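User: I am new to reading protein structures and would like to work through one step by step. Could you begin with a term that I will need, and then take my questions in turn?

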Amino acid sequence: MSTSTTASVSTHILDTSVGRPAPGVAVLLSARTGRGGDWRTLGGSATDADGRCKDLPALPEGTTHVRLDFAVERYFEESAKKQADAQQDAPANRDSGAGVFFPEVAVTFAVVPGEHYHVPLLLNPFGYSVYRGS
């Protein structure tokens, strides 16, 4: 929760390739003070069944920049395995190659005290987009 001296951050992930939330994705939260400041890892979470991280750490006073690191490779590997198991002999699921094009997604953004920042990640195996949500 943000206060007048801090900002707060939340996120969720939607796998647009299947039109569903992406559960079980590890998310790491880092912050810095000023453009030239060193990144400080504050902690992390994992997305729940609704694709949401509801327990990201609070931002320290003075935070000006935030980075969310999404570890999506394992999620896509698990998704591909489930799909292959469901369609064992489908040609598209056999010998499909490298698999994950973006194994990690890092999103960096500026914050101001007193504001809440909801940053959704729209994800598919070959692309992603982010935006400031509400």
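Predicted model: local features only at pLDDT ≥ 70, side-chain atom pairs only at ≥ 80, totals over all residues.

Analyst: Let us begin with the term: a residue counts as buried when its relative accessible area is under 20%, as exposed when that area is over 50%, and as partly exposed in between.

User: Which residue does the side chain of His 12 touch in a polar contact?

Analyst: A polar contact needs a pair of N or O atoms within 3.5 Å. The side chain of His 12 has such a contact at 2.8 Å, and the partner is the side chain of His 118.

User: How many helices and strands does the protein chain have, and in what order do they run?

Analyst: Starting from the N terminus, the order of the elements is β-β-β-β-β-β-α-β-β-β-β. Of the 134 residues that make up the protein chain, 33% count as buried. As for the count of elements, the protein chain has one helix and ten strands.

User: Which strands form the open sheet of four, and which of them are the edge strands?

Analyst: The open sheet has the order β4-β3-β6-β7, and its pairing is antiparallel. Ignoring direction, neighbouring strands of this sheet are turned by 20° against each other on average. A strand that pairs on one side only is an edge strand, and here the edge strands are β4 (40-46) and β7 (104-110).

User: How many bridges join strand β3 to strand β6?

Analyst: Strand β3 covers residues 26-32 and strand β6 covers residues 65-71, and the two run antiparallel. One example of a bridge is found at Leu 28, whose partner in β6 is Asp 69. The number of bridges that join β3 to β6 is seven.

User: What is the bridge partner of His 65 in β7?

Analyst: His 65 is found in strand β6, and β6 pairs with β7 in the antiparallel sense over seven bridges. His 65 counts as buried because its relative accessibility is 15%, and its side chain is joined to that of Thr 64 by a polar contact of 2.9 Å. In β7, the bridge partner of His 65 is Ala 110.

User: Which side chains of β7 point to the face where they are buried?

Analyst: Along β7 the side chains alternate between two faces.

User: How many residues lie between β9 and β10 in their hairpin?

Analyst: Strand β9 (residues 121-124) pairs with strand β10 (residues 127-130) in the antiparallel sense, over four bridges. Leu 123, for instance, has Tyr 128 as its bridge partner in β10. The number of residues between the two strands of this hairpin is two.

User: Is Ala 49 buried or exposed?

Analyst: Ala 49 is found in the loop between β4 and β5. The C-alpha atoms of Ala 49 and Arg 20 are 9.7 Å apart in space, although these residues are 29 apart in sequence. Because its relative accessibility is 66%, Ala 49 counts as exposed.

User: Which element gives the largest share of the lining of the second largest pocket?

Analyst: The second largest pocket has a volume of about 180 Å³. Of its 16 lining residues, the closest to the centre are Val 9, Ser 10, Lys 54, Leu 56 and His 116. The lining divides into eight nonpolar, five polar and three charged residues. The largest share, four residues, comes from β1.

Terms used:
Residues numbered from 1 in each chain as written. Heavy atoms only, no water. 1 Å grid on protein atoms, 1.4 Å probe; cavity = no way out; pocket = protein on both sides within 12 Å on 5 of 7 lines; lining within 4 Å. Points joined across faces, edges and corners; volume = space filled by probe spheres on them. Nonpolar A, V, L, I, M, F, W, Y, C, P; charged D, E, K, R; others polar. Pairing = 2+ DSSP bridges. Axes fitted to C-alpha atoms, helices over the stretch in contact; angles between N-to-C directions. Polar contact = N/O pair within 3.5 Å; in protein donor to acceptor, adjacent residues only side chain to side chain. Buried < 20%, exposed > 50% of the residue type's maximum accessible area, 1.4 Å probe, protein only.
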